[in-house]
Amino acid sequence: MNMFGPLAFALIAAIGNAMFAAGQKKAFQFDNPFTFIALAVIVCAFLTVLSAPLFGQPNYSLAIKQNGHWAVFSGVGLFLTYLVFNLLYSQYVASNYILYAVLSIITTSVIVGVVIFKETFNIYHWLALLSSIITIALFTLGNGIAKV
């Protein structure tokens, strides 16, 4: 299996996510977390609409007709992600991202991949999942020890 493509995409997404995290951590914190989120969403939407034609003719009306309910579902997911990232980074240290990352391994790989889409999961995948759970335990222990 050629892993270059998935690794390259994952790296670019990770860089974008790090930019997102750093921007939220460095931004001036208003009482209302939606202030910053709204600005970030506007920039994201603008760049998405601007780049869409690079990947072919965007047919928004057909996309709404065929995938509107999934767009709403995904939009709610993005909303939760944006909101809680803002709360996570504005109220806690950025290294707490490890909790999100590892919990995403569990929710996305196991619940979405294995349970919903019936993707295969071999012994190496299960060991990776186990190591992610160990990661959460070690991180939690490390935070407890660091506070002593």
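I began with the buried residues of H1, and they are Asn 17, Ala 21 and Gln 24. I note here that the model is a predicted one.

**Entry 1. Helix H1**

I looked up the extent of H1. The helix covers residues 4-26, which is 23 residues. From first C-alpha to last, H1 reaches 32 Å. At 1.5 Å a residue, 33 Å is expected, so the two values are close.

What do the buried residues of H1 pack against? I found three partners: helix H2 (34-51), helix H3 (60-91) and helix H4 (97-116).

**Entry 2. The whole chain**

I stepped back to the chain. I counted 5 helices and 0 strands. Read along the sequence, the pattern is α-α-α-α-α. The C-alpha atoms fill a box of roughly 55 × 45 × 30 Å along the principal axes.

I then checked burial. The chain has 148 residues, and buried ones make up 15% of them.

**Entry 3. Asn 17**

Is Asn 17 buried or exposed? Its relative accessibility is 17%. The cut-off for buried is under 20%. Asn 17 therefore counts as buried.

I listed the contacts of Asn 17, leaving aside neighbours within four places in sequence. They are Phe 85 and Tyr 97. With Tyr 97 there is also a polar contact between the side chains, at 2.5 Å.

**Entry 4. The largest pocket**

I looked for the largest pocket next. About 930 Å³ of space lies in it. Its lining has 28 residues. Which of them lie nearest the centre? I found Phe 9, Ala 10, Ala 13, Asn 17 and Tyr 97. Asn 17 and Tyr 97 are also the pair joined by the 2.5 Å polar contact.

I sorted the lining by element. H1, H2, H3 and H4 each give two or more residues. H1 gives the most, with 11 residues.

I sorted the lining by class as well. I found 21 nonpolar residues, 7 polar residues and no charged ones.

**Entry 5. The cavity**

How many cavities of 30 Å³ or more does a search of the whole structure find? I got 1. About 40 Å³ of space lies in the largest cavity.

I wrote down its lining: Phe 28, Gln 29, Phe 30, Asn 32, Pro 33, Phe 36 and Asn 86. By class, I have 4 nonpolar, 3 polar and no charged residues.

**Entry 6. Asn 86**

I picked Asn 86 from the cavity lining. This residue is in helix H3.

What does Asn 86 touch beyond its neighbours within four places in sequence? I found Gln 24, Gln 29, Pro 33, Phe 36 and Ile 37. Gln 29, Pro 33 and Phe 36 line the largest cavity along with Asn 86.

I listed the buried residues of H4. They are Val 102, Ser 104, Val 110, Gly 113 and Val 114.

Just after H4 comes Lys 118, with a positive phi. Its phi is near 55°, and this residue is not a glycine. I placed Lys 118 in the loop between H4 and helix H5 (123-146). Is Lys 118 buried or exposed? Its relative accessibility is 64%. Exposed means over 50%, so Lys 118 counts as exposed.

**Entry 7. Ile 133**

I ended in helix H5, where Ile 133 sits. Its relative accessibility is 43%. That value falls between the cut-offs of 20% and 50%, so Ile 133 counts as partly exposed.

I noted its contacts, leaving aside neighbours within four places in sequence. They are Val 102 and Ile 106. Val 102 is on my list of buried residues in H4.

How far apart are Ile 133 and Ile 15? In sequence, they are 118 residues apart. In space, I have 24 Å from C-alpha to C-alpha.

Notes. Residues are numbered from 1 along each chain as its sequence is written. This is a predicted model: local features need pLDDT of at least 70, side-chain atom pairs count only at pLDDT 80 or more; totals for chains, interfaces and linings use all residues. Side-chain values use heavy atoms; hydrogens and water are left out. Helices (H or I, at least four residues) and strands (E, at least two) are DSSP runs, numbered from the N terminus. Buried means under 20% relative accessible area, exposed over 50%, partly exposed in between (1.4 Å probe, protein chains only). Contact means heavy atoms within 4.5 Å. On a 1 Å grid over the protein atoms alone, a cavity is a set of points where a 1.4 Å probe fits but cannot get out, and a pocket is an open set with protein on both sides within 12 Å along at least five of seven lines; lining residues have an atom within 4 Å of a point. Grid points are joined across faces, edges and corners, and a volume is the space filled by probe spheres set on the points. Ala, Val, Leu, Ile, Met, Phe, Trp, Tyr, Cys and Pro count as nonpolar, Asp, Glu, Lys and Arg as charged, and the others, Gly among them, as polar. A polar contact is a pair of N or O atoms within 3.5 Å; within protein, one must be able to donate a hydrogen and the other to accept it, and residues adjacent in sequence count only if both atoms are side-chain atoms.
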